[in-house]
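Hi,

Here's the structure I said I'd pass along.

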Amino acid sequence: MPYVNEVFEYLKRTSPSQTEFYQAAQEVLESLRPLMIKYPKYRQHKIIERIVEPERQILFRVNWLDDNGVIQVNKGFRIEFNSALGPYKGGLRFHPSVNAGVIKFLGFEQIFKNSLTGLQIGGGKGGSDFNPKGKSDNEIMRFCQAFMSELFRHIGANTDVPAGDIGVGGREIGYMFGMYKKLANKYEGVLTGKSLKWGGSLVRTEATGYGAVYFAKYMLEDRGETLEGKRCVVSGSGNVSIYTIEKLYQLGAIPVTCSDSNGMIYDEAGIDLELLKDLKEVKRVRLSEYVKYVPTAKYTPIEGYPEGTNGVYAIPCFAAFPSATQNELNLADAKNLLANGCVCISEGANMPSTPDAVDLFVESKICYGPGKAANAGGVATSQLEMAQNASMVNWTFEEVDAKLAQIMKNIYVSASTTAAEFGEPTNLVLGANIAGFRKVADAMIEQGLV
Ligand code: NAP
């Protein structure tokens, strides 16, 4: 359909060098072709042209003092992409690879992900090219305060509600919340992922990982399969990975790998979850330390991975849970997985598979849960945190976990029934993109040209 191609060419011309954003936009726009043909109203209202443009993008300077008293300068970003369904919602990422194109891809994905949850949340994202690795606790605090000293004027409990992402966990949310409260003179639910002691929700920390495993469970159930007793591979060793591993154990599966940007652990007996939590959440050390405590496990540095591949995906498994970062799983990895009998991929990370790997998964008709559907449990539980903050009630762990499981089931059903409606029942990329888009697009039409 030339119309979709024209919009894509326009994007490339007007947003130069934003490669991750083109990748995310191209996948969504390709999926929308059958919808555009069936329902001309979306074209008449120029929804595609409007939805690819953020409502607002904020770029700002963050200057702060390191422990040696030296001035450091970083870039800060917040993209308020689409508010048709509710306040902008999406995490903050602190990582040296952050740039305008990365934030834009994440914000774009977030619109459809948030729509799929069925909750009233719009799409946003933000972050900084600040590298938290090796920084002292005081440096992290000063950076978070400097970052919030600009961001606070753009956000609010009913306007824009950031959360965590790579490099931003409970500690950083605490420092940013403290600064927001001081500057805005308001104690409100402006950030999610808060501590349980002052406004957080049970299960928010666990939600993205738990949700990705629930999503795999529902995909498999539809084919008469379960995760019980099955070997699984997980990449990353951060928030999403740790709680993916926890939920896999709860469902009787055996997660045998985890990784970081330096290498991977393969523990045939199953990853020692308590040790992993201690190393990453308490001691905050590199993953290579794992083998000091479990000498039977194997650590492979990335230089030791077979050339052009991610070592995690060379390990034979029934199901894989990419949970580190974008484009960590390429075509060679996808071929390795399929050749070794993997039948289920559930993406905890955002856009972890390259486009050719995604195409192979879709063609092979295995259970493939794309990130915007499979990892939506985090943002969904953030919205549950907002609901508890607004109503001043607290739900139990079991109540929130049950709501999370139900939301993941609804997302699966919505993506799979939409995929079937458009003639490709196993293609959850198509189903998730169309289902997520349609709700936002209808809201935009009903709300007029604003
Ligand atoms: P995190 O706690 O900071 O952990 C990130 C993990 O990924 C770390 O083990 C990190 O290793 C690894 N990693 C990061 N960049 C990498 C790279 N370039 N190559 C190899 N490994 C890399 O972050 P997270 O919250 O778990 O987020 C992980 C993914 O899930 C991201 O794609 C994020 O957007 C997505 N996600 C998160 C949430 C959430 O609620 N947190 C929700 C939805 C989606 P190092 O320590 O070596 O950097």
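Below is what turned up, starting with the annotated site and moving on to the ligand and the cores. Bear in mind that this is a predicted model.

First, the annotation. An unreviewed UniProt entry lists Lys 125 under "active site". Lys 125 sits in strand β4, which covers residues 122-128. With a relative accessible area of 3%, it counts as buried, because the cut-off for that is under 20%. Leaving out residues up to four places away in sequence, Lys 125 touches Arg 78, Ile 79, Gly 90, Gly 91, Ile 103, Leu 106, Gly 107, Gln 110, Asp 165 and Asn 350.

Now the ligand. It has 24 residues around it, and Asp 165, Thr 208, Ser 261, Arg 286 and Asn 350 come nearest. Gly 167 has a polar backbone atom at 2.9 Å, and a backbone N or O atom of Ser 237 is 2.9 Å away from a ligand oxygen.

Last, the packing. The largest nonpolar core has 54 residues, and Phe 215, Leu 227, Leu 248, Tyr 290, Phe 321 and Ile 411 have the most contacts inside it. Helix α8 (residues 207-221) gives the largest share, nine residues. Domain 1 (2-187) and domain 2 (207-369) each supply at least three residues to this core. Another core, of 41 residues, lies apart from it and includes Ile 48, Ile 51, Phe 105 and Phe 108.

Cheers

Notes
Residues numbered from 1 in each chain as written. Predicted model: local features only at pLDDT ≥ 70, side-chain atom pairs only at ≥ 80, totals over all residues. Heavy atoms only, no water. UniProt positions renumbered as here; feature names shortened; annotations may be inferred. Helix = DSSP H or I, 4+ residues; strand = E, 2+ residues; numbered from the N terminus. Buried < 20%, exposed > 50% of the residue type's maximum accessible area, 1.4 Å probe, protein only. Contact = heavy atoms within 4.5 Å. Core = buried A, V, L, I, M, F, W, Y, C linked by side-chain atoms within 4.5 Å. Domains from an automatic or database assignment. Near = heavy atom within 4 Å. Polar contact = N/O pair within 3.5 Å; in protein donor to acceptor, adjacent residues only side chain to side chain.
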